[in-house]
Amino acid sequence: MKTLAAELAFFLRGQARQNLKLLILYCTFLLILVLTYSGLFRFLMWQLEGREYSFLTGLYWTVVAMTTLGYGDITFTSEIGYLFSTIVTLSGVVFMLILLPFGMISLFLAPWIEQRLRYRPTVALPEDTQGHILIFGFDAVTRALARKLQNRRIPFVVVTGDHEQSLRLEEEGIRVALGNPTDAQFLRNLRVAAARYVIANLSDPENTNLCLTVRSLCETPIATLVGQLEHGELLRLAGANHAIALKRLLGRYLATRATTRGALAHVLDSFGHLQIAEIPVQATPFAGQTLAEARIRQRTGLAVIGLWERGRFTTPDAATRLSEKALMVLAGTREQLEALEQVTGEEEAEDLILILGHGRIGCAAASFLDRRPVPFILIDKQSSSDCLDHVAVIGDATSPHVLRESGIDQAKGLIVTTNDDSINIFLTLASRHLNPAIRIVARANREENVDQLYAAGADFVISNASVGASILNNVLEGKESIFLTEGINVFRRPLPPNLIGQSIAESRIRPLTGCSIVALERENVEEPLVVPPPETILEKGMGLILIGSPEQEENFCRNFRG
Ligand code: AMP
Ligand code: ZN
């Protein structure tokens with residue numbers, strides 16, 4: 001079935017799609033011709049022979065004549081009638097029996113066969129290949145990673161055992177190799193020993209097998225995505241350098257953003273001593289104040305490097321007012337975050353969180369909240385056989401009755417994490433309607449649904465694919481931890497040599513790329529320089545920590561080649 005769908009998809013792409021339009025046009029022409037002949041048949045029969053036939057009979061006679069079947073059950077007996085029958089039959093031969101099959105063969109069948117014959121899957125990479133990344137298993141996460149790698153011109157090869165998939169990916173311009181991922185000779189042919197990284201994104205048992213096979217050949221680092229948490233250790237034993245429990249991380253990110261308690265627990269990423277944290281304004285006493293009035297920098301040393309409000313990321317200035325619904329992105333050291341915790345204190349109020357969906361991600365969010373501890377209620381339409389730690393309310397969350405019964409009116413936060421984006425969008429909309437003040441954090445299984453979730457009323461949306469890709473990308477860059485927000489990255493770059501000796505203002509990094517400098521890392525100095533002033537001189541050996549969208553990051557790579 002899948003293969004058939006893939007084959008049919010061929011006709012919806014590129015030139016075949018144009019040809020399909022032509023075919024539809026031709027069929028419309030044939031239909032008009034048949035209808036015209038049917039009308040003429042009835043008219044001539046009535047006028048010439050005084051016989052009256054229904055529309056359906058007219059259609060039947062035309063088709064029988066045009067396809068040269070000629071049953072002879074209905075025939076003309078006049079000269080003009082004979083002439084008409086001959087014209088109909090001849091045009092049927094030309095338009096239906098010659099042109100139509102000829103068109104089908106030359107426009108569809110021939111290109112399809114030709115494509116298949118022409119396609120020679122790659123089964124070995126050239127001997128001088130090196131520094132490439134081998135990606136085993138192509139899904140939404142690795143697709144998003146591939147896009148990042150393409151932008152940064154890092155060579156990668158997707159490895160698959162599926163002939164159809166390899167053909168399709170190649171059509172998309174992605175380099176593919178076809179073969180069995182656990183065949184040692186095939187891995188040798190992929191120059192695995194000279195590769196920069198192996199990304200294992202198959203099932204846990206297949207990943208384990210792949211890790212063992214790679215390890216029997218070389219020491220190339222391996223990053224694997226773990227399906228079941230308990231398998232992480234086994235994968236490490238099998239030789240994986242990183243076993244990333246993506247579902248657990250996603251659960252944690254959903255949970256940290258849904259709760260307003262504590263400031264330190266919102267740390268998302270660190271670059272050495274620089275920590276990046278995202279804190280809901282709700283959790284602080286600064287709601288309603290401008291940034292200047294809040295005096296966060298003076299009180300704690302932290303810099304507010306961004307503000308999130310319903311999916312819109314802005315760089316605030318002194319006059320920006322901090323709305324209760326916003327999320328502040330802060331940069332600073334651990335001590336500075338502790339100082340903020342002193343200012344904000346622990347929140348006393350009841351902080352009930354509803355979690356819709358007790359799958360692996362919802363369960364991870366629950367476990368995270370459990371440890372804080374923050375009270376929560378889990379709702380799922382079926383009981384989980386994997387989890388022994390939590391008791392979920394069994395019910396379909398799309399019924400408002402279930403949400404009301406679970407206490408949506410009193411809940412402070414809501415985590416929407418079913419595996420179906422349409423349901424997530426619906427649940428976000430319904431919950432916003434039932435409790436306009438609730439803090440909603442939603443999961444997007446597909447990147448293209450992020451905007452709809454925001455439009456439905458989510459305060460924060462986390463996309464599985466882009467989070468997974470960011471994490472893998474950071475692993476490839478050798479970063480230990482991750483920072484993630486939809487559409488915005490904090491990233492580290494060594495100071496481009498041509499900027500040495502210039503001031504930040506002279507470097508024109510912001511006007512040229514749109515990226516802003518969050519911090520400067522100095523050689524042999526532990527404390528990073530957080531949000532340095534424009535007159536700061538860029539010195540040799542410094543590391544830049546920048547903030548910007550993926551496009552701005554790309555601009556930086558283009559403008560300043562290290
Ligand atoms: P996972 O993708 O592993 O996080 O699983 C998603 C979870 O969402 C599964 O446990 C589903 O049973 C659950 N789910 C899907 N639709 C609904 C719904 N309408 N109401 C409640 N739970 C749902
Ligand atoms: Zn659970």
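This is a predicted model: local features need pLDDT of at least 70, side-chain atom pairs count only at pLDDT 80 or more; totals for chains, interfaces and linings use all residues.
View 1. The greatest contribution is that of α14, with seven residues. By residue class, the lining of the largest pocket comprises 16 nonpolar, 15 polar and 13 charged residues.

**View 2. Strand β9 and its partners, β11 and β10.** Strand β9 spans residues 303-309 and is mostly covered, six of its seven residues being buried. Strand β11 (residues 327-332) runs antiparallel to β9 and is joined to it by five bridges. Within this pairing, W308 has L327 of β11 as its bridge partner. Strand β10 (residues 312-314) is likewise antiparallel to β9, with three bridges between the two. Here L307 stands opposite T314 of β10. In a regular strand, side chains alternate between the two faces of the sheet.

**View 3. The aromatic pair Y60 and Y71.** This pair belongs to a structure that holds 13 aromatic pairs. The ring centres of Y60 and Y71 lie 6.4 Å apart and the ring planes meet at 20°; because planes under 30 degrees apart count as stacked, the pair is assigned to that class. Y60 is located in helix α3 (residues 55-66), whereas Y71 occupies the loop between α3 and α4 (79-118), so that the pair links parts of the chain 11 residues apart. Y60 is partly exposed, with a relative accessible area of 33%. Y71 is exposed, its relative accessible area being 54%.

**View 4. The aromatic pair F491 and F556.** The ring centres of F491 and F556 are 6.5 Å apart, and the planes stand at 70°, so the arrangement is edge-to-face, the class for angles over 60 degrees. F491 lies in strand β18 (residues 489-494) and F556 in helix α21 (residues 550-559); the pair therefore ties together parts that are 65 residues apart in sequence. Both F491 and F556 are buried.

**View 5. A cluster of aromatic residues.** Y37, F41, Y53, W61, F76 and F84 are joined into a cluster by ring pairs. A pair of aromatic rings is described by the distance of the centres and the angle of the planes.

How values were computed
Residues are numbered from 1 along each chain as its sequence is written. Chains are lettered from A and ligands numbered from 1 in the order in which they are written. Side-chain values use heavy atoms; hydrogens and water are left out. Helices (H or I, at least four residues) and strands (E, at least two) are DSSP runs, numbered from the N terminus. Ala, Val, Leu, Ile, Met, Phe, Trp, Tyr, Cys and Pro count as nonpolar, Asp, Glu, Lys and Arg as charged, and the others, Gly among them, as polar. Buried means under 20% relative accessible area, exposed over 50%, partly exposed in between (1.4 Å probe, protein chains only). Two strands pair if DSSP finds at least two bridges between them. Rings of Phe, Tyr and Trp (its six-membered ring) pair if their centres lie within 6.5 Å; planes under 30 degrees apart count as stacked, over 60 as edge-to-face and the rest as tilted.
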